[in-house]
Amino acid sequence: MPQWAAPNERGGRCYMLDLSAALVGMIWPAERVVAGLRVSHHIRRELSEHAGKILLVKRAEADVSEDDLAADFGRVSHLQVVLKWQGRPAGLMCVASLGPALAHLDLRGTRIGAERAGRLAGVLGMCPSLAYLDLSKNNIYTEGAWGLAGMLATCRKLAHLDLSENQIGDEGAEMLGVVLAGCKTLEHIALSFNGIGAAGVAKLAAVLWVFEALAHLDLSDNEIGDEGAGRLAEALGQCKVLARLDLGWNGISAEGAGSLAGLRKCTALARLDLIGNEIGDEGAGNLAGALGECKMLAHLALSDNRIGAEGAGRLAG
C-alpha cells in the first residue's frame, strides 16, 4: 500500500479501531500500525511526530480505557478506508466513534451496498462537521440512496459529494433533488454512471439555483439526452461560479448541443466535457453559438462525437 498523504493541504489524521491483526497486516505496512500496550500513549506520539499522515490503529482489548481513547480519537477529522473494509459493521462503529470531529470521509469502492447504506446514514447523522463524502462505486442503488436521504438533509457543511457508479437511477436522483436543497455549501457533486435520465436530472436542475458555491458538476455516463441537457443548462445559468461541467456519454444530439445555450450565463465556466455524445457537424455549429459568451472556457472536450472538418470549422469560426 502507498504511504498516502493527507486528504488536503491542511493535513489530516485517520484511525480505524477494532481491526484484527491479520486484516491490518493485509492492508497497511507494519511500521505504520500502532498496536499493543499503551496504545493511547503511542497515538499521542504519532500525532506529534507524523501529523498529516493517515494511520490505521489496532485497538488493544484490555489495556486502554474508553476515556483515553475518546480523548485521542475525538480530535480526528479525516478518515479514508481501503477496499478490504467492505462495509463491515465494525467499520461503521469506527465512523461513529469519530463523531463530531469527522469532516472528511472516503468510503469509495468499499462494497457497502443498499442495506448498509441505510445503516451508514444513521451513523453519519452524528457527524455534523462532515464536509467531504465519497461513497462512489458502492452498489447503493435507488434503495440505498433513499436510505441516505435523511442524513444528507442534515449535512449543512457538506461541500463535496461523490455518489458515482451506484446506479441510483431517476428515483434516486429525484430524491437527491429534494434533500440536497438544504446543502447550500456544496461545491462538488459527482453522479456519473448512475442511470439517470431526463426525469431525474429535471428534479436535480430544479434545486441547482441554491448552490451558490457549486464549481464542479459531473453527470457523465448517464442518459439525460437532449431534454435533460436543456433543462440542466438553463438551471446552471444561475450557478455563477461553475467552472467545470462533465456531460460525456449522455446521448446528446445536435439539438441538445443547441439547448446548452443556458450555459452562456456561466461566466466562470472553464472546462466542458461532452465526449461520446452524438453532436455531429450540425451540433458543433449549434454549440459554438451556445457557448459564444463563455469567455473563460479553456477546455472543450468533444472526441467521439462524429465531428468532421465542417464542424471543426464552425467551432473555430
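The model is a predicted one. Its protein chain holds 12 helices and 11 strands, and 53% of the 317 residues count as buried. Among contacts in the chain with a separation of 6 or more, 85% join residues 24 or more positions apart.

**Helix H6 and its surroundings**

- Helix H6 covers residues 141-152, which makes 12 residues, and its first and last C-alpha atoms lie 16 Å apart, close to the 16 Å expected at 1.5 Å a residue.
- The buried residues of H6 are Gly-144, Ala-145, Leu-148, Ala-149, Met-151 and Leu-152.
- Viewed down the axis of H6, these buried residues fall within an arc of 165 degrees, so they line one face of the helix.

**H6 against H7**

- The axes of H6 and H7 come within 9 Å of each other and cross at roughly 5 degrees.
- With angles under 35 degrees counting as roughly parallel, H6 and H7 are therefore roughly parallel to each other.
- From H6, the contact draws on Thr-142, Ala-145, Trp-146, Ala-149 and Leu-152, and these meet Gly-169, Glu-171, Gly-172, Met-175, Leu-176 and Val-179 of H7.
- By residue class, the contact of H6 with H7 divides into 7 nonpolar, 3 polar and 1 charged.

**H8 against H9**

- Helix H8 (residues 198-205) packs with helix H9 (residues 225-236) at an angle of about 5 degrees, and their axes are 9 Å apart.
- That angle makes H8 roughly parallel to H9.
- On the H8 side the contact is made by Ala-198, Val-201, Ala-202 and Ala-205, and on the H9 side by Glu-227, Gly-228, Arg-231, Leu-232 and Ala-235.
- The residues in the contact of H8 with H9 sort into 6 nonpolar, 1 polar and 2 charged.

- In helix H11 (residues 280-290), the buried residues are Gly-280, Gly-283, Ala-284, Leu-287 and Ala-290.
- They cover an arc of only 120 degrees around the axis, which puts them on the same side of H11.
- Among the elements covering the buried residues of H11 are helix H10 (254-258), strand S11 (299-301) and helix H12 (309-316).
- H11 and H12 pack with their axes 8 Å apart, at an angle of about 5 degrees.
- H11 and H12 are therefore roughly parallel to each other.
- Their contact involves Asp-281, Glu-282, Ala-284, Gly-285 and Ala-288 of H11, together with Glu-310, Gly-311, Arg-314 and Leu-315 of H12.
- This contact of H11 with H12 divides into 3 nonpolar, 2 polar and 4 charged residues.

**Ile-189 in strand S7**

- Ile-189 belongs to strand S7 (residues 188-190).
- Its relative accessibility is 4%, so Ile-189 counts as buried, the cut-off being under 20%.
- Ile-189 and Leu-161 are 28 residues apart along the chain, yet their C-alpha atoms are separated by 5.1 Å.
- Setting aside neighbours within four places in sequence, the contacts of Ile-189 are Leu-161, Phe-211, Leu-214, His-216, Leu-217 and Asp-218.

**Two residues with positive phi**

- As background, most residues other than glycine have a negative phi.
- Glu-165, in the loop between S6 and H7, has a phi near 55 degrees, a positive value in a residue other than glycine.
- With a relative accessible area of 35%, Glu-165 is partly exposed.
- Phe-193, in the loop between S7 and H8, has a phi near 50 degrees, which is also positive in a residue other than glycine.
- Phe-193 counts as partly exposed at 39% relative accessibility.

Key:
Residues are numbered from 1 along each chain as its sequence is written. This is a predicted model: local features need pLDDT of at least 70, side-chain atom pairs count only at pLDDT 80 or more; totals for chains, interfaces and linings use all residues. Side-chain values use heavy atoms; hydrogens and water are left out. Axes are lines fitted to C-alpha atoms, for helices over the stretch in contact, and angles run from 0 to 180 degrees between N-to-C directions. Helices (H or I, at least four residues) and strands (E, at least two) are DSSP runs, numbered from the N terminus. Angles under 35 degrees count as roughly parallel, over 145 as roughly antiparallel, 65 to 115 as roughly perpendicular and the rest as oblique. Contact means heavy atoms within 4.5 Å. Ala, Val, Leu, Ile, Met, Phe, Trp, Tyr, Cys and Pro count as nonpolar, Asp, Glu, Lys and Arg as charged, and the others, Gly among them, as polar. The expected span of a helix is 1.5 Å times one less than its number of residues. Buried means under 20% relative accessible area, exposed over 50%, partly exposed in between (1.4 Å probe, protein chains only). The arc is that of the directions from the helix axis to the C-beta atoms.
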